[in-house]
Amino acid sequence: MGQQSLQLFNQSRVRRAFDRAAKKYDQYAVLQNEVCNRLLEKLVCVKISPEYILDAGAGTGSAVPGLFQMYRKASLVALDLSENMLDMTSRHGRFLRSPHLVCADIEQLPFADNTFDLIFSNLTLQWCNDLNAALSEARRVLKPGGLYVFSTFGPDTLKELRYSWSKVDESNHVNRFIDMHDIGDALLHDGFAEPVMEAELITVTYNTVDEIMHDLKAIGANVTAESPQNSRVGRGLAGKSVIQTVRQAYEQFRQNNLLPASYEIIYGH
């Protein structure tokens, strides 16, 4: 799992970014909600009747209505690093049934061993500093025979934006993501049985680079990890000439008068 050591997130910065983004998140998180729906669809053909469900990295709670509908008798815990995100999740509750809200880190789950029958995690693992810690914690709180389903981003995510920023300097302007096969290896290493992995590429199109970066900021996803070798290179360089360099570099990807933003989505269960 050597790739993980390349970058480290300041988790308090991640929390603040998502706290700020919470109220407008759903307005801009079109891709995130689409992936959430696709992950929910993958549960349809799995025959389970969970009593306790953990939504690990619940965000604004987009999975909660679907999980409640699928598993009508289950209790659901929605966990997130951001309190403001959990405030948004609470809106999915009804008088007789609402998610239990827990503010915590998926790398340090505040639950007893063997608590949950199902762990659902949509686009959260990419914010971990230690993938093995997050997977080990999921394994610990999952009951024997329980199911863990997740989605995360793969290495080709935002490859156009990463290339364009590379024309400015060598700093870490776009986060790097772990390869599907490395995640599969990590699942086996951490004691999960029969991991099934798949990937797909989703392309979102924009008119300008500025729109891409605006949307990333609007959902709190503009926090970059610090890579040890260049964490101080090029900080504070976001002047007009720098952005202009990024705009010009990105133009080579324009097709049908639109700019693509690629997202490699990795699913596992």
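Reply: Start with the outward face of helix 10. Turned away from the buried side, this face carries the exposed residues K240, S241 and Q248. The model is predicted. Helix 10 itself covers residues 240-250.

Now turn to the buried side. Here V242, I243, V246, A249 and Y250 are buried. They cover an arc of only 125° around the axis, so they sit on the same side of helix 10. What do they pack against? The buried residues of helix 10 pack against helix 7 (159-166), helix 9 (209-218) and strand 7 (259-268).

The largest nonpolar core has 42 residues. Those with the most contacts inside this core are L43, L67, L118, F120, L161 and Y263. Helix 3 (residues 30-44) gives the largest share of this core, six residues.

Take L67. Leaving aside neighbours within four places in sequence, L67 touches L40, L43, I53, L76, L118 and F120.

One more residue is worth a look: L142. It belongs to strand 5 (residues 142-153). L142 is buried because its relative accessible area is 3%, and the cut-off for buried is under 20%. Along the chain, L142 and I119 are 23 residues apart. Their C-alpha atoms are separated by 7.3 Å. I119 is also among the contacts of L142, leaving aside neighbours within four places in sequence.

Key
Residues numbered from 1 in each chain as written. Predicted model: local features only at pLDDT ≥ 70, side-chain atom pairs only at ≥ 80, totals over all residues. Heavy atoms only, no water. Core = buried A, V, L, I, M, F, W, Y, C linked by side-chain atoms within 4.5 Å. Buried < 20%, exposed > 50% of the residue type's maximum accessible area, 1.4 Å probe, protein only. Helix = DSSP H or I, 4+ residues; strand = E, 2+ residues; numbered from the N terminus. Contact = heavy atoms within 4.5 Å. Arc of directions from axis to C-beta.
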